[in-house]
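I opened my notebook beside the viewer today and jotted down what I looked up, step by step.

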Amino acid sequence: MAGTEHLTVRREGATLVLTLNRPEAKNALSLPMLVGLYDGWLQADADDTVRSIVLTGAGGAFCAGMDLKALAGRGMAGEHYRDRLKADPDLHWKAMLRHHRPRKPVIAAVEGHCVAGGTEILQGTDIRVAGESATFGLFEVRRALFPIGGSTVRLQRQIPRTHALEMLLTGRPYSAREAAGIGLVGHVVPDGTALARALEIAERINACGPLAVEAVKASVYETADMTETDGLAAELERGRPLFDTADAKEGARAFAEKRPPVYRRA
């Protein structure tokens with residue numbers, strides 16, 4: 001299974017679990033981590049037996065953002081991955097879900113620090129679970145930097161603009177409860193249990209028709225900026241073919257026979 005020294009990959013049933021694995025640096029972004037992330041997104045979408053993705057961090061942290069030591073010119077781990085970056089200069093943005101959206105649902109399981117680039121990656125995920133002691137925030141302005149991972153565009157579309165601007169312009173930390181209150185995360189759970197809850201959610205998704213799940217996710221995102229009329233037309237175009245699939249017929253049979261369905265992506 002794929003992975004790098006700073007990104008581990010494992011399977012939990014039909015869920016691919018990607019773990020940011022640089023705990024000594026609170027999982028600050030590194031080149032090996034970015035390469036591993038992008039490869040993980042591609043692996044999940046290429047494997048039809050994977051029906052969901054969980055993104056989490058090792059060592060009690062999610063991600064503390066970019067490695068500022070590297071930004072200050074002190075070098076970055078994983079120089080041997082430079083060829084990957086040269087071959088695809090957009091790789092880091094795809095890894096951070098700025099220029100790439102996986103077909104499969106992505107669930108974030110957050111413990112500890114999820115700040116700066118961590119909060120930016122979070123905005124590219126679909127469902128978010130946080131431990132009670134998790135910390136969120138976009139600290140870039142405090143360091144005279146710009147949150148160029150997409151936050152000035154995405155955040156105001158995901159939470160009320162007044163909260164988005166306060167987070168962006170003050171650079172202050174937000175608790176998990178406060179993040180939930182403004183809609184940045186959907187679940188707050190006891191510390192140490194975010195991954196377990198994320199996997200529970202993933203299992204519920206995995207039990208559903210995979211073609212339907214992917215079509216529903218795609219429809220939500222592609223219609224987000226449409227007028228209601230255009231959005232409803234696009235929804236019909238994407239959704240109507242699902243009713244003719246073998247999976248839809250299996251879903252109806254299973255309901256009538258009071259048994260769990262067996263979906264085959266057909």
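Predicted model: local features only at pLDDT ≥ 70, side-chain atom pairs only at ≥ 80, totals over all residues.

**Entry 1: the cavity**

Which residues line the largest cavity? I found Arg51, Lys104, Pro105, Ile205, Cys208, Pro210, Val213 and Glu214 around the largest cavity.

I then checked the count, and it comes to 1 cavity of 30 Å³ or more. The space in the largest cavity is about 40 Å³.

Next I sorted the lining by class: 5 residues are nonpolar, none are polar and 3 are charged. I also asked which element gives the most to the lining. That turned out to be helix 10, residues 210–222, with 3 residues.

A reminder to myself on the method: rolling a probe the size of a water molecule over the atoms shows where empty space is left.

**Entry 2: the whole chain**

I stepped back to the overall fold and noted 12 helices and 9 strands in the protein chain. The C-alpha trace spans about 60 × 40 × 40 Å along its principal axes.

Why do I call the radius of gyration in keeping with a compact globule? A compact globule of 266 residues would have a radius of gyration near 18 Å, and the protein chain has 19 Å, so the two agree.

I looked up burial too, and 48% of the 266 residues count as buried. For contacts with a separation of 6 or more, I read that 67% are between residues 24 or more positions apart. The accessible surface comes to about 13,000 Å², and carbon and sulfur atoms hold 56% of that.

Leucine 97 has a phi near 65°, a positive value in a residue other than glycine. I located leucine 97 in the loop between helix 4 (91–95) and strand 4 (106–110). Is leucine 97 buried or exposed? Leucine 97 has a relative accessible area of 0%, so I wrote it down as buried.

Alanine 116 is not a glycine either, yet its phi is positive, at about 50°. Alanine 116 sits in the loop between strand 5 (113–115) and helix 5 (117–122). Its relative accessibility is 8%, under the 20% cut-off, so alanine 116 counts as buried.

**Entry 3: methionine 1**

Where is methionine 1 placed? I found it in the segment before strand 1 (7–12). Methionine 1 has 65% relative accessibility, which is over 50%, so it counts as exposed.

Even so, I could list contacts for methionine 1: leaving out residues up to four places away in sequence, it touches Val9, Arg10, Arg11, Leu16 and Gln43. I followed up on glutamine 43, which is 42 residues from methionine 1 in sequence and 9.1 Å away in space, C-alpha to C-alpha.

**Entry 4: glutamate 203**

My last stop was glutamate 203, in helix 9 (residues 194–206). With a relative accessible area of 45%, glutamate 203 is partly exposed.

Which residues does glutamate 203 contact, leaving aside its neighbours within four places in sequence? I noted Glu12 and Thr15. I also looked up its distance to glutamate 178: the two are 25 residues apart in sequence and 27 Å apart in space, C-alpha to C-alpha.

Technical notes
Residues numbered from 1 in each chain as written. Heavy atoms only, no water. 1 Å grid on protein atoms, 1.4 Å probe; cavity = no way out; pocket = protein on both sides within 12 Å on 5 of 7 lines; lining within 4 Å. Points joined across faces, edges and corners; volume = space filled by probe spheres on them. Helix = DSSP H or I, 4+ residues; strand = E, 2+ residues; numbered from the N terminus. Nonpolar A, V, L, I, M, F, W, Y, C, P; charged D, E, K, R; others polar. Rg over C-alpha atoms; globule rule 2.2 N^0.38 Å. Buried < 20%, exposed > 50% of the residue type's maximum accessible area, 1.4 Å probe, protein only. Contact = heavy atoms within 4.5 Å. Areas by Shrake-Rupley, 256 points an atom, 1.4 Å probe, with all protein chains shown as cover.
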